[in-house]
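These are my notebook entries on a structure that I had not consulted before. I set down what I looked up, in the order in which I went through it.

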Amino acid sequence: MQSSEFPLLLKSWRARSNVSQLELSLLCDVSQKHISFIEAARSSPSKPMVLQICEALNVPLRDRNGLLLAAGFAPEYRESDMSAPELAAVNQALDMMLQQQDPFPAMVIDALFNVRRANTGAMRLQGFLYDAHTPDDLPDIAGNMLHSLFSPKGIRRYVSNWHDIAPFFLRQLRAEALASGTGGPLTNLLRELESYDGIPADWKKYQPGHWQAPILTVDIEKDGLALSFFSTIATLGTPLDITLQETRIESYFPADDVTRQFFAPG
């Protein structure tokens, strides 16, 4: 990326955040004229100014590196492997969260919804849905939450309210893709999901009708058993590493007594 690209990227991120030049100048404690000069490529920002702008616009760490490169500076944030020794404490915390959620399912997923680790409850649910006796018996598609949900070869056939929840997940993914910029990995993932047969044509504006519960649930029917879940998503606080910022812990809770009993120990 060349330094001349920074003004365009700045305008793009400011538009995504719905922040005016005046608002950004106040957030960064500089004059509006200075922001205007930067966007017009009449002034080059310093590295601290770039980081200040990123903080003001709540730009994700991965994209902050891109903005730094566009302004002619070296990246500031690293992308570590989860097996790196310096992430040992974080890995222990993730394992603790997964264990505490047992017997109910919980999974650690990355920015592209790949399953990085799962607790006993999640493996039990996966085994039930895919008729798998061991983790090695699971198909590759089970390794990505969204492909597993949308592919006709995944769990979609068992999700009784799939046509209600599919538009919700697609719109959520589209919002994340737009936030990270078109043409990126999330945009590619959205296109892959849209390519599956049977995707609701009106998913961008579809609203589920006659929804009685206060929260959207995932309802599963298989082998005469009906299960119902709702989920929560947790992220790591104050991450300074791209991998950690993009790591999410999704926990599933039973929405009824039948589902609760399915996971009961013994």
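The entries below take up the sheet, then a helix, then some backbone details.

Entry 1, basis. I note that this is a predicted model, in which local features need pLDDT of at least 70 and side-chain atom pairs count only at pLDDT 80 or more, while totals for chains, interfaces and linings use all residues. Residues are numbered from 1 along each chain as its sequence is written, and side-chain values use heavy atoms, with hydrogens and water left out.

Entry 2, the sheet. I looked up the strand order and found an open sheet of five strands, β2-β1-β5-β4-β3, with antiparallel pairing. Strands (E, at least two residues) and helices (H or I, at least four residues) are DSSP runs, numbered from the N terminus; two strands pair if DSSP finds at least two bridges between them. The edge strands are β2 and β3, each of which pairs on one side only. From one strand to the next, the twist averages 30°. Angles run from 0 to 180 degrees between N-to-C directions, and the axes are lines fitted to C-alpha atoms, for helices over the stretch in contact.

I then examined β1 and β2, which pair in the antiparallel sense over three bridges. V108 stands opposite R117 in β2.

Most residues other than glycine have a negative phi, and most peptide bonds are trans. I found that phi of N18 is near 55°, a positive value; N18 lies in the loop between α1 (6-16) and α2 (21-28). Phi of F113 is also positive, near 70°, and F113 lies in the loop between β1 and β2 (115-118). The peptide bond from D102 to P103 is cis, with omega near 10°. P103 has its place in the loop between α6 (88-101) and β1 (106-109).

Is F113 buried or exposed? F113 is buried, at 7% relative accessibility; buried means under 20% relative accessible area, exposed over 50%, and partly exposed in between (1.4 Å probe, protein chains only). N18 is exposed, with a relative accessible area of 69%. A201, in the loop between α10 (185-194) and β3 (218-222), is exposed at 85%.
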